[in-house]
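Could you walk me through this structure, from the way its helices pack to the surroundings of its ligand?

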Amino acid sequence: MRISTDQIQELNHNGESQHRRQFQFLQEELQKKGIDTETVIRKLQDFQVAVPSWALGAGGTRFGRFSYGGEPANLEEKIKDVGLIHALTQSAGAISLHIPWDIPGDPEVIMKLAAREGLVFDAMNSNTFQDQPSFAPINIGAPDGRQEQHSYKFGSLCHTDRSIRVNAVDHNKEVIDIGVSLGSKSLTVWLADGSSFPGQLNFRKALDRSLDSLREIYAYMPSDWKLFIEYKPYEPYFYSTVIQDWGTSHLLAGECGKNAYCLVDLGHHLPNTNIEQIVATLLWRGKLGGFHFNDSKYGDDDLTVGSIKPYQLFLIFNELVNVPGHNPTPAWMIDASHNLKDPLEDLMQSLEAIRLAYAQALIVDQGALETARNANDVSLCQEILQGSYRTDLRPLLKEARIRSGGALDPIGIYRRLEVRDALIAERGLKTVATGL
Ligand code: PSV
Ligand code: MN
């Protein structure tokens, strides 16, 4: 299924006069404050967020998974789903692939399909947290000649067994090759490696081995590529994770080289961590490479962006609107999972929450904030930030979207066009998207 610009424009007529009134009112209010709305709109139009290929189907928990129906069964269908979201929102112009879940049959055909949907390929993601069916049995040196499956059960890049480390490094190299064939320019390494019990892992040696492996992957990357090192404090192991926090990620990135950066996934922090401060610190060092957006109440919940802590998201964007010259523009990506909602609706809600937080941060009077900070006027600092946060900027978002050819009300139109029913008719009710 595809949604045409004509269809969208026709359905936009419905709410257009109401939108015009609301937009005009907001524009006047912002202009009174000296805000150039045209600049904000242009920035919003340019702001594109990558959709992860693994978020297009129903996710699950370790207790169960409930299929959504009409889920994409292959890479082609995943690209088409992101195309639908992009047509409606005009803000999801990229897709981030996970290998081996999304190995392209013919990269040229896949590139053409993506281009037709207006998409480019963002960061590639490797997977060394699941054993693959292709793993050959290896000789473990047992006197009886017993063989074992090549396995990531006890880690990958940090594994005590060199042959498993080599396997994991080779996989990352293969992911880079696939990425090159699709025009991607970055690799995200999320290392599940860790331990579940005290004493299980020699922390220092695990770091040594991980660094050696990362260096090898880094050396293999083309010179115009970036390596993003993602951290996470726990899970799938529960006692320790080798790359547990931004500091460890930063140390490893620094050791690898100038094209290695840290990747911040919002769900990869323990409760109450000050993520905006981490973002500021990484920007200060020029080492913020990428972002995985999601939201959470307790841990790596992977909920819709902005559904639990929208103010935190705004504070993060308040740091991100000023990316210093020595830090490249970070790669923006959603990393979420959908157990209850239609994945495509959920992703559109996430995109809207991200754009809203970005817009709110764009209208912060940074000069006035700095003056208030220097005068130690704490109340005024809060007034300035919350004044922006509490301004309803949704008409601005809508304006940016319709100017780019998108929908005034993406979810409304998605429902009016009965997209999910069409996908179910096309693909069936009992479908499972490749991924976790
Ligand atoms: C791990 O929790 C993670 O955030 C990493 O980014 C993975 O690539 C992704 O989820 C999907 O498993
Ligand atoms: Mn992530």
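Let's start with helix α2 (residues 37–46) and helix α10 (residues 343–362), which pack at an angle of about 150° with their axes 10 Å apart. Axes here are lines fitted to C-alpha atoms, for helices over the stretch in contact, and angles run from 0 to 180 degrees between N-to-C directions. Helices (H or I, at least four residues) and strands (E, at least two) are DSSP runs, numbered from the N terminus. α2 and α10 are therefore roughly antiparallel to each other; angles under 35 degrees count as roughly parallel, over 145 as roughly antiparallel, 65 to 115 as roughly perpendicular and the rest as oblique. On the α2 side, Val40, Lys43 and Leu44 meet Arg355, Ala359 and Leu362 of α10; residues are in contact if their C-beta atoms, placed from the backbone, lie within 7 Å. By class, this contact has 4 nonpolar, no polar and 2 charged residues. Ala, Val, Leu, Ile, Met, Phe, Trp, Tyr, Cys and Pro count as nonpolar, Asp, Glu, Lys and Arg as charged, and the others, Gly among them, as polar.

A word on the model itself: it is predicted, local features need pLDDT of at least 70, side-chain atom pairs count only at pLDDT 80 or more, and totals for chains, interfaces and linings use all residues. Residues are numbered from 1 along each chain as its sequence is written, and chains are lettered from A and ligands numbered from 1 in the order in which they are written.

Helix α10 also packs with helix α9 (residues 310–320), at an angle of about 55° and with the axes 8 Å apart. α9 and α10 are therefore oblique to each other, and their crossing is right-handed. Pro310, Leu313, Phe314, Phe317, Asn318 and Leu320 of α9 meet Ala353, Ala357, Tyr358, Gln360 and Ala361 of α10. That contact divides into 9 nonpolar, 2 polar and no charged residues.

Next come helix α6 (residues 203–220) and helix α7 (residues 246–256), whose axes come within 9 Å and cross at roughly 50°. The two are therefore oblique to each other. Here Ser210, Leu211, Leu214, Arg215 and Tyr218 of α6 make the contact with Leu252, Glu255 and Cys256 of α7, giving 5 nonpolar, 1 polar and 2 charged residues.

Now for the ligand. Of the 10 residues around ligand 1, Asn125, Trp190, Asp265, Asp300 and Asp335 come nearest; a residue is near a molecule if its C-beta atom, placed from the backbone, lies within 6 Å of it. The shell comprises 3 nonpolar, 2 polar and 5 charged residues.

The backbone has some details to look up, too. Most residues other than glycine have a negative phi, and most peptide bonds are trans. A cis peptide bond joins Ile99 and Pro100, with omega about 20°, and Pro100 sits in the loop between β4 (94–96) and α4 (107–116). Another cis bond links Glu235 and Pro236, with omega about 10°; Pro236 is in the loop between β11 (226–230) and β12 (240–241). Asn272 has a positive phi, near 75°, in the loop between β13 (260–265) and α8 (275–285).

Stepping back, the protein chain has 15 helices and 15 strands.

Key:
Two residues are in contact if their C-beta atoms, placed from the backbone, lie within 7 Å. A crossing is left-handed if the near helix is turned anticlockwise from the far one by less than a right angle, and right-handed if clockwise.
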